[in-house]
Amino acid sequence: MQTTEKRPPKMLVVDDEETIRHALRAYFTKRGYQVDCAQELEEAKALLTSADYEVAIVDLRLTGIGGAEGLDVVSSLRDRSPTAGIVLLTAHGTPAIEAEAKRRGADAILHKPQRLQAVAQVVFGLTERKLENV
């Protein structure tokens with residue numbers, strides 16, 4: 001008799017702030033996600049080559065000096081996993097940045113500071129959508 005175990009959904013968290021990475025990892029791990037974290041663009045891209053993710057939370061600025069490296073992560077993830085749910089989390093959103101994030105494949109844009117429960121609600125919805133389409 002063959003049993004099929006349901007594997008936990010994989011999540012990628014990309015943020016240069018350690019406290020945010022830690023909080024998101026702890027919260028979503030307790031809720032059954034397998035969470036990988038990266039703090040910079042190259043680290044995120046390396047993780048993307050070695051795993052498939054159902055959902056990702058990506059900060060816009062990963063260097064703290066005004067860049068928008070998170071958009072590159074969004075593009076790379078969308079190219080690799082067309083159905084992954086992608087949340088861009090930023091304290092520096094503008095209408096132009098939000099339009100570019102959507103163009104590159106972000107499903108949702110949330111502004112920092114954001115309550116963890118609000119982030120979770122978006123993530124759970126995106127994960128559910130992804131798993132329904134498998």
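The legends below describe close-up views of a predicted model.

**View A. Strand β1 and its two faces.** Strand β1 spans residues 10-14, and five of its five residues are buried. In a regular strand the side chains alternate between the two faces of the sheet. In β1, Lys10, Leu12 and Val14 lie on one side, and Met11 and Val13 lie on the other. Both of these faces are covered.

**View B. Pairing of β1 with β2.** Strand β2 comprises residues 34-38 and runs parallel to β1, with five bridges joining the two strands. Within this pairing, Met11 has Val35 of β2 as its bridge partner.

**View C. Pairing of β1 with β3.** Strand β3, residues 55-59, also pairs with β1 in the parallel sense, here over four bridges. Met11 is placed opposite Val55 of β3.

View D. Leu126 belongs to helix α5, which covers residues 116-132. Leu126 counts as buried because its relative accessibility is 9%, and the cut-off for buried is under 20%. Leaving aside residues up to four places away in sequence, Leu126 touches Val55, Gly85, Ile86, Val87 and Asp107.

**View E. Leu126 and Glu43.** Along the chain, Leu126 and Glu43 are 83 residues apart. Their C-alpha atoms are separated by 24 Å.

Conventions
Residues are numbered from 1 along each chain as its sequence is written. This is a predicted model: local features need pLDDT of at least 70, side-chain atom pairs count only at pLDDT 80 or more; totals for chains, interfaces and linings use all residues. Side-chain values use heavy atoms; hydrogens and water are left out. Buried means under 20% relative accessible area, exposed over 50%, partly exposed in between (1.4 Å probe, protein chains only). Contact means heavy atoms within 4.5 Å. Two strands pair if DSSP finds at least two bridges between them.
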